[in-house]
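This briefing is for a reader new to the structure. It covers how the chains are related and how they meet.

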There are 2 protein chains.
Amino acid sequence: MGMPASDRLGIDLHLADQELLAAKRVAVEPAGLTVPQYAALFVLAENAGISGAALARACQVTPQAMAVLLRHLTDRGLVERAPHRWHRNILETRLTDRGRAALELADDRASAVEQALHAEFTSAERDHLRQLLARATSALRRAAHALD
Amino acid sequence: MGMPASDRLGIDLHLADQELLAAKRVAVEPAGLTVPQYAALFVLAENAGISGAALARACQVTPQAMAVLLRHLTDRGLVERAPHRWHRNILETRLTDRGRAALELADDRASAVEQALHAEFTSAERDHLRQLLARATSALRRAAHALD
DNA sequence: CGATCATCATCAATGCATTGATGACTGTCA
DNA sequence: TGACAGTCATCAATGCATTGATGATGATCG
């Protein structure tokens, strides 16, 4: 094979993200939410009336994926959607009170996860990690573009 | 909300992993594989005759998820499964020639992605990044355990 | 005014992941 | 020998993600 698994930096990156996802799942589950649902509600909380497509972009998923997710949330009464006054084509999406309550419960625990991550590092280490991750991100973007 | 989004280190981590996943998708797609399928074949290449459950553990997914994935791969003739000689209960899984060919094609391109990631950093930076990621991983594991 | 383009929503097919439950088999220990 | 624990496979329900295709709407430019 092209490269020994132990040399693949991507594996370490992925393991860390897997662990993050698992921790967030544990955090958010008592609120009756999944991680993507939590992410959507989080964005929604500060962007009332956003369109489904814009919400999808903010959450880095396709509009189709977001549509399914929003359907579940509307069915459960956590968000509500209504046609825009002028642009009748777009559905404005808003948190309901129940949605806001679920989000707050979830965010308390999800914040604890982020706090733990924060507390693991010194300020300098955090800056360095962010910088390294940013460089990895753009290197990967370039690599994908080159292969494409 | 508990913590401003800009302070959440987890977001940067997740963005980097998303980019990695996207790049790998581009890499393995011409081989007719998805990223999880590529991962399974990769492990399978060096562990002929492994059980489905063990393969699932190696790939960090549930046995159920792996079972579905293996079904697709066997249907397409990339792997073959046969009952173990003694432990009739377990299905030994092996690459077929077609599976090996698909894996090689995919791994050439996937390796290029890992090479690009490798090339972005100096040796010292790579070590540091790995160390930071390892610390993040264990901090997250502890956080999840504390919440649970 | 009318063609074009961008944005939005939605249908369909496919694949990956989870939890939970069930049944079959092996090996061990009392 | 017979109960028990561990491992394995598999069924079912639910949710998230992709690509691809379709159609509706509003804005822009010739």
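Buried area is the accessible area (1.4 Å probe) that two parts lose on being put together, summed over both. Between chain A and chain B it is about 6000 Å², with carbon and sulfur atoms giving 66%. This is a predicted model, in which local features need pLDDT of at least 70, side-chain atom pairs count only at pLDDT 80 or more, and totals for chains, interfaces and linings use all residues. Residues are numbered from 1 along each chain as its sequence is written, and side-chain values use heavy atoms, without hydrogens and water.

**Contact surface**
- Chain A and chain B each bring 56 residues to the contact (heavy atoms within 4.5 Å).
- In chain A, the residues losing the most area to chain B are A:Met1, A:Leu9 and A:Leu147, together 12% of what that side buries.
- The copies meet through the same surface, because 100% of the interface residues of chain A are also interface residues in chain B.

**Salt bridges**
- The interface of chain A and chain B holds 12 salt bridges (a side-chain nitrogen of Lys or Arg within 4 Å of a carboxyl oxygen of Asp or Glu).
- One salt bridge joins B:Arg135 to A:Glu125, with the closest N and O atoms 2.8 Å apart.

Notes
Chains are lettered from A and ligands numbered from 1 in the order in which they are written.
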